[in-house]
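Hi,

Here is the model I said I would pass on.

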Amino acid sequence: MIRLKYIALIFLVHNQLQAQGPPITTETPIMLGLEGSAIRTFLKITDSGDGQLTRWILGVPYNIHTNFQVGAILPYTWQNQNGGSTANGLGDISFFTKAMLFKRDGRARTFRILATARQSFPTAAKSLRGADQPEIYQTYLGLVFGNVTTRIGLYGDIGYRLVSSKLKDHFVYNFSVGIPLLPVRYPQKQINAYLEFNADHTLNGPANLVSLSPGLQFIPGRRFLAEVSYSLPLTTDSSLNWSLLSGIRFLLN
Amino acid sequence: MPRQIIKRLSIMATVLVILGSSMLAQEADTSRIYIKMEIHGLACPYCAFGMEKELKRISGVENVEIHLEEGLAYISLPTSQVPSEEDLREIVTDAGFTLKQVEYSKEPFIRVSSAKKRNSKTKNSSNKKKSQGS
């Protein structure tokens, strides 16, 4: 509770707010121009009642048009279950697209809405998904929006995840507030603070996951960014204890 | 006597070289065009990087200066390679932003942020003088 108060205090007291980077656990509505490409990679450790799951994610987006992005997400997973069983291997690979629907630019500000679609394929090894579990195809359709200024970034994404094999679909939404802690300059040296709200509701199912994720992001120069985020569950009907995300992003070209 | 003549001649030659090079340098400066662009949508440091990357691709551009808060980008390039406003609009649009205004000049632009700082400094110093006077 004290930690949450400190985070709230940072957001309320800070009045010298400057430019900030993309949110950590929420999608960003900013696609960086023609032929723009980047690499995002992070390690996410999730501790739940079932055990510990560590996922190393590699995401590669590429802009084939100013208003259209494609990309791939490759996960590698390590599982340590409470019973003592362990497994590791490639997880389910997914491909995504983002298309700009609306853009309104102003001086040092932008408001954007994107449509996004993501398709994941059951490439994970049987040992990872459990021998009795079916192969799952997941299709996510959603909207990404953001009002970004050099002083504050407000981001959100909302979507529906269709799951194959008679499993239940999910309704997913994330919101993020980001503020920079250092004065603006370009090339930048910036530390951004984020407070993010993540929700994943299983439709007609028992597992609703709602969590709060404070995070920090360090941008030491033009192309590189390092970030860390810690998620705490707000609901008691999920088995999540905590999750920690730590990663980096590179801009290419 | 001949030594003195040689000394004077060498001094004159040095002066001529310095003058000549400075004139050449001035000529090089006047052969460049300075462009100031007001770009909307530059709301994050990665946005500025995306814009800088595209502007650097313009032939003849060596330096790109971006002022995020003012939404301004400055470039300079040889007069023989000056892009039209339409070309610049296309480049900015392709980078994902909106070009609002372009200014071309034969002289370098006074930077808004530095001018602001100077103004605030002069205001501060005049306030100090006033307070000292009172």
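Of chain A's 253 residues, 29% count as buried, where buried means 20 or more other C-beta atoms within 10 Å of a residue's own, exposed means 12 or fewer, partly exposed is in between, and C-beta atoms are placed from the backbone. Before you go further: this is a predicted model, so local features need pLDDT of at least 70, side-chain atom pairs count only at pLDDT 80 or more, and totals for chains, interfaces and linings use all residues. Residues are numbered from 1 along each chain as its sequence is written, with chains lettered from A and ligands numbered from 1 in the order in which they are written.

On confidence, chain A averages a pLDDT of 87, with 91% of the residues at 70 or above (pLDDT is the predictor's confidence in each residue, from 0 to 100). Watch residues 6–19 of chain A, where the pLDDT is below 50; beyond near neighbours in sequence, that stretch has 27 contacts in the model. A contact here means two C-beta atoms, placed from the backbone, within 7 Å.

Chain A has 2 helices and 13 strands. These are DSSP runs numbered from the N terminus: helices are H or I with at least four residues, strands are E with at least two. The C-alpha trace of chain A spans about 55 × 45 × 30 Å along its principal axes. Its radius of gyration is 18 Å, which agrees with the value near 18 Å for a compact globule of 253 residues (taken over C-alpha atoms; the rule is 2.2 Å times the number of residues to the power 0.38). Among chain A contacts between residues at least 6 apart in sequence, 57% join residues at least 24 apart.

Now the cores. A nonpolar core is a set of buried Ala, Val, Leu, Ile, Met, Phe, Trp, Tyr and Cys residues joined through C-beta atoms within 7 Å. The largest has 30 residues, and those with the most contacts inside it are I39(B), L42(B), C47(B), A48(B), M51(B) and A73(B). Two or more residues each come from β1 (32–40), α2 (45–56), β3 (72–78) and α3 (85–95) of chain B, with α2(B) giving the largest share, 6 residues. Leaving out neighbours within four places in sequence, L42(B) is in contact with several residues, including A108(A), L68(B) and F97(B). A second, separate core of 5 residues includes F42(A), Y194(A), L195(A) and L245(A).

Where the chains meet, 23 residues of chain B and 29 residues of chain A take part in the contact. On the chain B side, α2 and α3 are the elements giving two or more residues, and α2(B) has the largest share, 8 residues. By class, the chain B side has 12 nonpolar, 7 polar and 4 charged residues (nonpolar is Ala, Val, Leu, Ile, Met, Phe, Trp, Tyr, Cys and Pro; charged is Asp, Glu, Lys and Arg; the others, Gly among them, are polar).

Which residues of α3(B) are buried? They are L88(B), I91(B), V92(B) and A95(B). They lie on the same side of α3(B), because they cover an arc of only 95° around the axis (using directions from the helix axis to the C-beta atoms). They pack against β1, α2 and β4 (98–105) of chain B. Just after α3(B), G96(B) takes a positive phi of about 105°.

Cheers
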